[in-house]
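Student: I am new to this structure. Could you take me through it?

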Amino acid sequence: MSGPHPGAGGTGAPPAADRLRTVDEHLAEILGAVPLLAPIDLALLEAEGALLAEPVSAPIPLPPFDNSAMDGYAVVSTDVASASEDSPVTLPVVGDVAAGDTGVSAIRPGLCLRIMTGAPMPAGADAVIPVEWTDGGTVSVRITRPAPPGHYIRRAGEDVQAGQVVLEPGVRLRAPQLGMLAAVGRARVSVRPRPRVVVLSTGDELREPGSEPAFGQIWDSNSFMLTGAVNESEGVGIRAGALTDAPEKVREALEDQLIRADAIITTGGVSMGARDAVKEALTGTLTFTKVAMRPGKPQGFGLLHGIPIFTLPGNPVSAYVSFQVFVRPALLAMQGLPPEPPGAGTAVLTEEVRSPAGLRHYLRGRLSSGEDGDLAVTPAGAQGSHQMGALAAADALIVVPEERDIVPAGERVEIWRLPR
Ligand code: AMP
Ligand code: MG
């Protein structure tokens, strides 16, 4: 990478052509450009993981009717008031009422009905005696314990009242929320969908894992890693595989993917090489810049027919860090969520780190529990932008600000916890 960059503590803006863009400037451009995804109507299971875009209220109370909380006998409580082990009360059983019975049942004092959990309470009954307190009789039943009025009855509306809002807009539809929607009778809901993100890698050297690379070739790792990173950022990752370094093919592939993409990520082909196909294919459509960060300096971003395109550098660690710094916040913003970094916090450095002045540095780190239970972080091995070993072993990124060149052991630093 050529050209000077602003030194630590430098004053005055360097000439525009030479000045690197700051991370914050590049992120601000991205967040200012990405669209908020329009709500769509989805069937419940398709809506899993999406954000609710409407308030949902209960059309009827839950439970909808008084029903039994136990398998047992529906009785008039005063009939069993004197029941005990020594002096049981025996009542004639005049029938059964089961969950799903749609007819209306009733009893008079002196009688009882066998009742199952979830069955509507018969008119006239005001308590349920669990089967464990009886001899289980079907013609008549011996009851050995009394029960107060209301015993083991689940009242209509005691869970949710008619008209009550059960889910507010913005809530993420996980399993319990899907259950709630179904419980109030909803088959479809309006949601802000999870962004579908197509991931394409580029490079003549790339081969599919599982195939045999020739000398000079490597397996494509970026597209798998970033598809996973999309899924970890509440998006839907769609891996579209590797392209060769042919600008017209890159452009064609991007145009082809637009139909199914809310955003597209490419890796490779954006730096200063003689065959930077992505840059060649998209110059004029996207903005290609150098951002004052390590790893991840060469970045491209823009909209292609309204769809955000992120062209990340090819070195795997650069691609991953660029994703966390720029793409993840954008995917969150597209869902109307705060564009936060993953798991931001602080930890105490266990060893000194050196960092290039003028660049924001993201090191791969390992968290541990320090003395007094404080969170500690240690750089996770070799920090080159091609070195996947340290990234795969890391559980955090260490963020060193632009103005620092040495951060001593014992200093508290910003960390981002990586999804585990
Ligand atoms: P580039 O940005 O295309 O110049 O690539 C920079 C470095 O990253 C080169 O060493 C590439 O071989 C490597 N690289 C690019 N794309 C991938 C990928 N999908 N998987 C693994 N390594 C890659
Ligand atoms: Mg390349």
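Student: Which residues does the UniProt annotation "domain: MoaB/Mog" cover?

Tutor: According to the unreviewed UniProt entry, that annotation covers residues 198-333; UniProt positions are given in the numbering used here, feature names are shortened, and annotations may be inferred rather than shown by experiment. The model is predicted, with local features needing pLDDT of at least 70 and side-chain atom pairs pLDDT 80 or more, while totals for chains, interfaces and linings use all residues. Residues are numbered from 1 along each chain as its sequence is written, chains are lettered from A and ligands numbered from 1 in the order written, and side-chain values use heavy atoms, without hydrogens and water.

Student: How many residues surround ligand 1?

Tutor: Ligand 1 is surrounded by 16 residues, each with a heavy atom within 4 Å of it. The closest are Glu205, Asp220, Ser221, Gly269 and Gly314.

Student: Which strands each supply at least two residues of that shell?

Tutor: Those are β13 (196-202) and β15 (218-219).

Student: What polar side-chain atom lies 2.5 Å from an oxygen atom of ligand 1?

Tutor: That atom belongs to Glu205, and the pair is a polar contact (N or O atoms within 3.5 Å). Asp220 has a polar side-chain atom 2.8 Å from a nitrogen atom of the ligand. For Ser221, a polar backbone atom is 3.0 Å from a ligand nitrogen atom.

Student: How much of ligand 1 does the protein cover?

Tutor: On its own, ligand 1 has 490 Å² of accessible area, of which the protein covers 76%; the areas come from the Shrake-Rupley method with a 1.4 Å probe.

Student: Changing topic, where is the peptide bond from Arg294 to Pro295?

Tutor: Pro295 lies in the loop between β19 (293-294) and β20 (298-304). The bond is cis, with omega near -10 degrees. A cis peptide bond also joins Leu62 and Pro63, with omega about -10 degrees, and Pro63 is in the loop between β3 (56-57) and β4 (67-68).

Note on methods: A polar contact is a pair of N or O atoms within 3.5 Å; within protein, one must be able to donate a hydrogen and the other to accept it, and residues adjacent in sequence count only if both atoms are side-chain atoms. Helices (H or I, at least four residues) and strands (E, at least two) are DSSP runs, numbered from the N terminus.
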